[in-house]
Amino acid sequence: MIKIVQHAHIHFNEQGTPVAERFDDVYFSNEGGLAETDYVFLKHNDLPQRWQHHPAAFFHIAETGFGTGSNFLLAWLRFRQHRQQHPTANCQRLYFTSFEKFPLSRADLSKALAAVSEFTALAQQLLAQYPLATPGCHRLVFDQGAVILDLWLGDVLDTLPERNPSVAVDAWFLDGFAPSKNPDMWQPALFAQLARHSRAGTTVATFTAAGVVKRGLLEAGFTVSKVKGFGRKREMLTAVYTKAHATQQTDQLLQQPADEVTIIGGGIAAVCLSLVLLQKGAKVRLLCADAELGQGASKNRQGALYPNLHAEMSSASLIQASCFDFARQFFSLSKQKFEFPLEWCGVMHQACTTQLQKRLSKMSACWPADLVQRLSAKHASEKAGLALPFDAIWYPSAGWLSPQQFCRTAASYLATQPNMIIQYHWPIKQLEVLSDGWRLHSSKHPPLDTKTVVLALGHQSNELLHENPLPLRGIRGQVSYVQAGPLAALKTVLCHKGYITPAWQGLQAIGATFDRSRSSDEWLASDDEANLALVQHSLQQPAWMSSVRIIESRAGVRATVPDHLPLYGSWQLTDKHCQVLTGFGARGLLFAPWLAEALASDLMQEPSPLPLSWQQLVAASRYQE
Ligand code: FAD
Ligand code: SAM
């Protein structure tokens, strides 16, 4: 059963310190939160000194209880200082994983952080990306990927077992209110999980010296010491994981990070993966069959970006909610590097079927209002700028972007990156298995050898997988671009059984056909007619469609999967695995950034943002078990 995430209820005491009403305890000491974090959590994990000599490219802190995010913000600030002072140290990136059962609302977080002037600028960035209160892992990326925050919302006793333990924690910040005030959290199960996610040498620091914590850590295999506590507190605990943690060490020895990755593709999937791999320090080669990127299904002028949520919090819906949060952040940050049209104008779904009407009446009860709301037909018409017949599902923070422009301008940006090679007109015809990698054959060029290959060819992926094809089906779709009279007043993306976008460069997209009998991308006049007819039929012959004129059209082929979830990760071919990133169906803009991030994290042996149970739902290997 998935548990809804509830916000914290807080007030501020006379000293201005935030207090959690459920626990009747302060978020940090009245005597100075920052000094306490520096002393308890950083100093007693031997930070920042440890970063100077850390052998890996990243350091991984994990924390119980995100609260106001002060511990995170201070660790980020200190890590920035470390990078400035030690630019040649191996460790240049920080992963901070935090588990929070009752996240502060954005308004409370803003108020709590306003009092701490030391990190106003960082706090603004955190607030800008602060996630929706939905269960699961929300990955936030700062400082061009140098600092990554994984915020797991839900009870740590439920969420920590869901984290993939193959990449260990280096230092624990064991926070989470006094054991006397929060006995439910300080359980043997928590300590066992801390051990499961630790390796020999992992350190722990905690503000408390309570016997239950000391005994719990000892029993889980940590060596524990009592030291002087912060301020007036007499004692606190530090610990080191000492027990041989066999599986962890073996995993890390067996799998080396991929330092060089070859991607075959050229659409949204390949571009997103290239961007995130570069951020993690990999060398990337992209082989594209076409003369430029964004020529396959990703060649649309405009595409809608929103999660398609069920009435209940199903895992499939939660995956979409997390993908949506990540995609919003990913495209907004990408726009700081290269230009492409992107508008967070909201997406409205007209409840034009009985099924949608039923869903509408249930869904606003379980999803946060900043993600999805219900609108009356009157309100919907006002928001959209057009008279509309039905009540609507409203995604206020959703919008549209241009996939083709994104791919094109990303190509120019990628071309300037020292670790990136893009080779055009390079159709791969065959994969040959080598003992230590792959040989990629093309009819036009000499073969290329690579250790790691990712197939991101959309619906054409199976052209390289004759023996073990992916469960993909190509479904043709055509979008019609119209020059509109009254329709030009549209202010949001408007979904019915199809969708209409607001104007960009004088054209609006009306899409899209779904033709299961064809997987070709030629233009068809009948598809244009079908697009216009669908609007007329779904939205009761609206007057604003009267003078719509089709100017151009684009057809493409979606790569769809029987269970409507994407395909990511290892795919077995004979005795070897290649990697795949495809199967996005009609939701490439939603799925590609997050799954690219997850795949890049796996390939680089870095912490995964995917809860284990979600990973099973999107891993391509689910079709090979
Ligand atoms: P593609 O974009 O298809 O890229 C595949 C790439 O592989 C191409 O660049 C091609 O050159 C390359 N390639 C193929 N074969 C080879 C080879 N042998 N060697 C080397 N390279 C090769 N999604 C949304 O999120 N919102 C929408 O509103 C939306 N609307 C859509 C409307 C239509 C009509 C269609 C068809 C799709 C729509 N989608 C939408 C879905 C979205 O466009 C796709 O999910 C997404 O573009 C898929 O990207 P991709 O990179 O996986 O594949
Ligand atoms: N580290 C925080 C900071 O920097 O502001 C302060 C943490 S506060 C003292 C303790 C936090 O633990 C609260 O935000 C509380 O909601 C959270 N918490 C309590 N029990 C929890 C549980 N079982 N799982 C996850 N978080 C929990």
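The model I examined is a predicted one.

**Entry 1. Six-stranded sheet**

With that definition I looked up helix H16 (588–603). H16 lies across E12, E24, E30 and E31, and its direction makes about 155 degrees with that of E31. Six strands form an open sheet, and I read their order as E20-E13-E12-E24-E31-E30, with mixed pairing. At the edges I found strand E20 (420–423) and strand E30 (567–573), each of which pairs on one side only. I noted that neighbouring strands are turned against each other by 25 degrees on average, direction ignored.

Strand E24 (residues 452–456) and strand E31 (residues 576–582) run parallel and are joined by two bridges. Within this pair I recorded Gln-579 in E31 as the bridge partner of Val-454.

I also looked up helix H10 (268–279). H10 lies across E12, strand E13 (283–287), E20, E24 and E31, and runs at about 165 degrees to E12.

I listed 37 residues around ligand 1, of which Asp-290, Ala-297, Ser-298, Ala-304 and Leu-589 come nearest. By class, I recorded 20 nonpolar, 14 polar and three charged residues in this shell. Both helices of the previous entry, H10 and H16, are among the elements that each supply at least two residues of the shell. Strand E12 (260–265), strand E14 (303–305), strand E25 (473–483) and strand E29 (549–560) likewise each supply at least two.

I then examined the polar atoms. An N or O atom in the side chain of Asp-290 is 2.6 Å from an oxygen atom of ligand 1. A nitrogen atom of ligand 1 lies 3.1 Å from a backbone N or O atom of Ala-289. For Tyr-499, I found a polar side-chain atom 3.0 Å from a nitrogen atom of the ligand. Ligand 1 taken alone exposes 1,000 Å², and the protein buries 95% of that.

**Entry 3**

I found three bridges joining E14 to strand E19 (residues 399–401). In that pair Leu-305 stands opposite Gly-399 in E19.

Around ligand 2 I listed 23 residues, of which Glu-63, Gly-65, Thr-68, Glu-100 and Asp-175 come nearest. I recorded nine nonpolar, nine polar and five charged residues in this shell. Helix H3 (70–85) and strand E5 (93–100) each supply at least two of the shell residues.

For Glu-63, a polar side-chain atom lies 2.9 Å from a nitrogen atom of ligand 2. A backbone N or O atom of Asn-71 lies 2.9 Å from an oxygen atom of ligand 2, and a polar backbone atom of Gly-67 is 3.5 Å from an oxygen atom of the ligand. I noted that ligand 2 taken alone exposes 600 Å², of which the protein buries 98%.

Key:
Residues are numbered from 1 along each chain as its sequence is written. Chains are lettered from A and ligands numbered from 1 in the order in which they are written. This is a predicted model: local features need pLDDT of at least 70, side-chain atom pairs count only at pLDDT 80 or more; totals for chains, interfaces and linings use all residues. Side-chain values use heavy atoms; hydrogens and water are left out. A residue is near a molecule or strand if one of its heavy atoms lies within 4 Å of it. A polar contact is a pair of N or O atoms within 3.5 Å; within protein, one must be able to donate a hydrogen and the other to accept it, and residues adjacent in sequence count only if both atoms are side-chain atoms. Accessible areas come from the Shrake-Rupley method with a 1.4 Å probe; for residues, only the protein chains shown count as cover. Helices (H or I, at least four residues) and strands (E, at least two) are DSSP runs, numbered from the N terminus. Ala, Val, Leu, Ile, Met, Phe, Trp, Tyr, Cys and Pro count as nonpolar, Asp, Glu, Lys and Arg as charged, and the others, Gly among them, as polar. Two strands pair if DSSP finds at least two bridges between them. Axes are lines fitted to C-alpha atoms, for helices over the stretch in contact, and angles run from 0 to 180 degrees between N-to-C directions. Contact means heavy atoms within 4.5 Å.
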